[in-house]
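Please look at the sequence and the structure below before reading on.

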Amino acid sequence: MTATLESGVAAKKKPRKFSPWGVVAWIAAIGFFFPVFWMVLTAFKQEGDAATSPPKLFFTPTLDQFGAVFDQGIGPSMLNSLFATGMSTLLVLLLGVPAAFALSLRPVRKTQDALFFFMSTKMLPIVAAILPLYVIVSNIGLLDNIWALVILYTAMNLPIAVWMMRSFFLEVPGELLEAASLDGASLWRSVREVILPLVSPGIAATALICVIFAWNEFFFAVNLTAVNAQTMPVYLVGFIAGEGQYWAVLSAAATMSALPVILCGWFAQNKLVRGLSFGAIK
Amino acid sequence: MTLTADTEDVVAERVRKIREAKDIGVSRAEGWRRRGPLLPALIFMLVVTQIPFLFTLYYSTLSWNLVRPGSRHFVGLNNYLAVVKDSQFWSVALNTVVLIVGVVIISAALGLLLALLLDRAFPGRGVVRTLLITPFLVTPVAAALIWKTTILDPTNGILNWVLSLMGIGPVDWIGQFPLTMVMVELIWQWTPFMMLLILAGLQSMPRDILEAGRVDGAGAFQLFRELTLPHLRRFIELGVVLGAIYLVNTFDAIYMMTQGGPGIASANLPFYIYQRAFLGFDMGQAAAMGVVVVIFTIAIASFALRLIFKSFTGKEEAA
Amino acid sequence: MASITYKNASCIYEGSDKLAVDSLNLDIKDGEFIVLVGPSGSGKSTALRMLAGLEDIDEGAIEIGGKDMTGVPSKDRDIAMVFQNYALYPNKTVAENMGFALKLRGVPADERRRKVEEAAKILDLTEYLDRKPAKLSGGQRQRVAMGRAIVREPQVFCMDEPLSNLDAKLRVQTRTQIAALQRRLGTTTVYVTHDQVEAMTMGDRVAVLKFGKLQQFASPSELYDRPANAFVAGFIGSPAMNLITVPVTADGVQVGSSPMKLEREQRGLIGDLKEVTVGVRPESLELTTDPDGIEVTVDLVEDLGSEAYVYTHASGGVELVARSNPRTAPKLGDTVRLSRNADAVVHLFHPVSGERLG
């Protein structure tokens with residue numbers, strides 16, 4: 001708020017009121033973030049500094065733990081995770097974008113049913129399917145094969161992806177499609193030139209959510225893979241079996257498992273927020 | 001030029017004829033073109049999700065233990081009877097319900113509080129939001145590991161150290177309160193999700209309604225209760241439903257933190273079934289349990305789906 | 001070059017049993033500026049959209065240039081439309097928005113650029129060609145929407161309430177620009193509005209619609225001078241024509257406590273009806289000292305500076321509005337007399353059907 005004095009000089013802005021709520025927010029943020037902070041911190045400690053009471057905030061940092069994790073062969077698992085995540089997200093988009101688009105057009109009763117079906121697949125507990133999946137997967141010979149995970153992750157993420165993307169498609173004003181069709185565009189052309197550019201932030205948000213869920217997935221991975229197709233979460237668990245109480249190196253492994261997605265989420269934060277809120281924020 | 005008005009019946013008849021023609025008219029080709037793009041996804045989902053489930057149904061009628069090959073035979077509904085009589089199953093089912101309800105409610109409440117805090121501007125708001133969403137991003141097994149070791153460990157965990165400063169003796173958190181600790185970890189991971197959803201709701205709320213309320217003399221709390229909360233309702237509902245859907249399948253935290261123990265004190269249905277199938281190799285029983293879980297979930301889910309649909313397939317209410 | 005013909009065209013509302021447009025018959029000549037006007041729910045937008053191919057023609061047919069448009073998709077009709085909310089492509093610049101249709105037709109880039117710049121010059125958009133719609137004001141966006149239509153040189157322009165999102169002053173300005181533009185280009189135009197002032201000032205002919213049915217299709221002056229029914233009479237002209245349903249007397253009608261004489265010919269048109277709806281425009285009524293005038297009590301006086309409108313009622317509740325000189329306007333509660341001025345026209349309508357008598 002500025003007030004102009006008669007001399008024409010603007011008065012100083014009213015100082016922003018000190019907000020106690022801001023402080024509360026900061027405290028909450030630090031509290032919630034603390035375990036992650038501690039995890040990363042511990043990864044830089046020597047084992048002796050890791051499991052102590054009282055816990056040590058200051059110490060001489062070292063990269064030894066990370067080295068140890070690498071030595072234990074984290075590479076293949078990371079590649080597997082990358083492949084499973086990337087490939088399944090790609091498939092989700094390939095299958096889901098057309099589906100979401102079809103569902104967002106003039107709704108027919110059938111589309112409501114289809115949407116219902118998609119969502120219902122999400123509701124069925126995976127655990128009910130794991131047994132036959134195990135049997136089927138091993139019969140096809142895909143046990144311990146990364147492609148099994150690719151397919152399952154696609155099925156896992158597709159419903160949410162379709163739902164999210166549909167809500168983004170619905171945001172596009174119908175008039176734009178009409179204007180494009182009057183301008184002479186076929187449906188395909190309108191989609192490509194008008195709709196997709198508008199929806200692409202939403203699609204990016206959806207892809208990010210899929211990446212998060214796929215990367216972090218454990219249940220299918222642990223049951224359907226062994227050595228070759230092991231993903232990061234499985235590797236981490238295996239690591240514990242070997243290392244037991246060595247907290248520092250465990251933290252290093254945990255950090256490396258979790259870090260890629262954390263960084264992704266941070267950098268694409270706005271997209272993440274848009275995606276989770278289903279486009280409700282304009 | 002003016003027309004003589006048709007009587008109502010004549011009009012109704014014309015409309016009916018038009019309707020008929022229309023229904024046939026949206027030609028086959030157009031119908032396929034409209035729904036075509038949906039098919040690949042639909043077929044994929046059908047194959048990958050329904051077929052295994054059908055198999056589960058089939059297995060549930062067998063007595064089949066992987067350790068005793070060749071012993072597979074049809075027993076009809078015996079497995080289901082065993083499930084009903086299995087007191088462990090019901091105890092685990094109770095755990096599952098407690099877990100889902102507890103986590104969802106508390107994380108929604110916390111999420112609401114955090115969202116309210118984030119809705120105002122204050123220095124560093126962006127950073128605060130970044131920090132707050134992080135738990136949701138962390139790999140669940142990694143998170144569970146960190147909680148189990150560095151935070152909750154009886155000897156060297158941070159929690160006990162902090163409490164010791166206040167003179168409270170060391171507590172074996174995971175040993176004594178296994179289910180609760182799993183819930184705490186889950187709440188930690190899911191609150192950001194709820195917070196983001198509710199924040200979206202807060203930010204999509206038209207401000208002029210609040211201003212009108214203030215002018216009418218409503219205090220902050222009344223504004224919240226009468227105006228904000230009803231608007232947020234559908235976002236909270238969405239969060240609750242989605243959260244519950246994902247939480248039904250919680251496995252990672254239990255696997256990592258307690259292995260369902262002691263005994264089955266902190267086991268939930270997915271973990272229990274997993275134990276039966278992959279550790280006990282009792283496929284038939286596990287399958288039957290799976291089916292029972294599915295039936296329960298369907299009952300609750302159809303209620304939930306209707307709720308989401310009602311809230312979200314309509315357009316936003318006019319301001 | 002395109003004439004447009006609506007032949008008994010009808011369309012039902014999606015998901016309802018009502019006809020949005022009911023047997024519309026319009027014969028539009030090539031190059032005419034036609035306005036579809038009516039209150040909301042009259043079906044005017046739907047009728048326009050049927051022409052553009054955005055709504056199905058459920059009954060009857062629509063022809064453009066003699067060719068039946070049933071089953072012809074929008075993109076093949078060579079129609080340009082200006083939408084109420086402009087429908088500009090948000091991710092494209094003004095130039096790209098305007099050139100999109102040409103691009104789709106395969107027009108080479110330099111020719112596209114030339115045509116776009118030509119249109120931009122006419123509409124005063126040249127300095128905005130590289131901006132995106134989000135960075136434009138409402139009026140500028142409206143011009144871009146028009147530019148997009150002009151560049152295409154289509155056979156028909158459709159405009160769906162293009163001025164309703166502009167502020168009043170801009171609306172008047174843009175109104176004259178659109179009319180001038182159309183005269184210059186000579187393209188057949190169908191224009192939808194709910195504002196009868198726009199209809200009267202812009203259209204060569206105006207079609208008045210109510211509940212999906214055509215009430216009258218004529219030039220503005222004919223609509224003003226000879227409205228076909230009470231609805232049109234009350235819709236066209238501002239302030240609205242006085243429409244009062246009054247008892248019939250031997251040589252005229254009774255308005256409140258005063259008799260109003262009618263010419264013998266006019267009285268003859270009423271025939272045996274006991275009541276009739278009389279229509280007289282406020283500008284045809286004046287305050288008078290003549291004892292033969294209609295006695296009324298003043299309820300409200302609106303002083304517009306150049307003229308004043310006096311709202312009155314006669315005994316029995318009949319309401320009349322008269323025009324008056326603001327300096328000599330009466331005061332609230334005064335009892336005054338109204339009479340018809342020299343060139344006043346009295347319209348007669350059937351009291352039930354609203355049809356014009358004579």
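## Confidence

This is a predicted model. Its scores are an ipTM of 0.83 and a pTM of 0.81. For chain C, the average pLDDT is 91, and 100% of the residues score at least 70.

## Chain B

Chain B contains 15 helices and two strands. Chain B has 319 residues, and 40% of them count as buried.

Contacts in chain B can also be sorted by how far apart the partners are in sequence. Taking those between residues at least 6 apart, 70% join residues at least 24 apart.

## Two helices in chain A

Helix α4 of chain A spans residues 74–104, and helix α9 of chain A spans residues 187–215. Their axes come within 9 Å and cross at roughly 140 degrees. The crossing of α4(A) and α9(A) is right-handed.

On the α4(A) side, the contact is made by A:Ser81, A:Ala84, A:Thr85, A:Ser88, A:Thr89, A:Val92, A:Leu93, A:Val97 and A:Phe101. On the α9(A) side, the residues are A:Val191, A:Ile203, A:Ala207, A:Cys210, A:Val211, A:Ala214 and A:Trp215. Sorted by class, the contact between α4(A) and α9(A) has twelve nonpolar residues, four polar residues and no charged residues.

Note on methods:
Residues are numbered from 1 along each chain as its sequence is written. Chains are lettered from A and ligands numbered from 1 in the order in which they are written. This is a predicted model: local features need pLDDT of at least 70, side-chain atom pairs count only at pLDDT 80 or more; totals for chains, interfaces and linings use all residues. Helices (H or I, at least four residues) and strands (E, at least two) are DSSP runs, numbered from the N terminus. A residue is buried if 20 or more other C-beta atoms lie within 10 Å of its own, exposed if 12 or fewer, and partly exposed in between; C-beta atoms are placed from the backbone. Two residues are in contact if their C-beta atoms, placed from the backbone, lie within 7 Å. pLDDT is the predictor's confidence in each residue, from 0 to 100. Axes are lines fitted to C-alpha atoms, for helices over the stretch in contact, and angles run from 0 to 180 degrees between N-to-C directions. A crossing is left-handed if the near helix is turned anticlockwise from the far one by less than a right angle, and right-handed if clockwise. Ala, Val, Leu, Ile, Met, Phe, Trp, Tyr, Cys and Pro count as nonpolar, Asp, Glu, Lys and Arg as charged, and the others, Gly among them, as polar.
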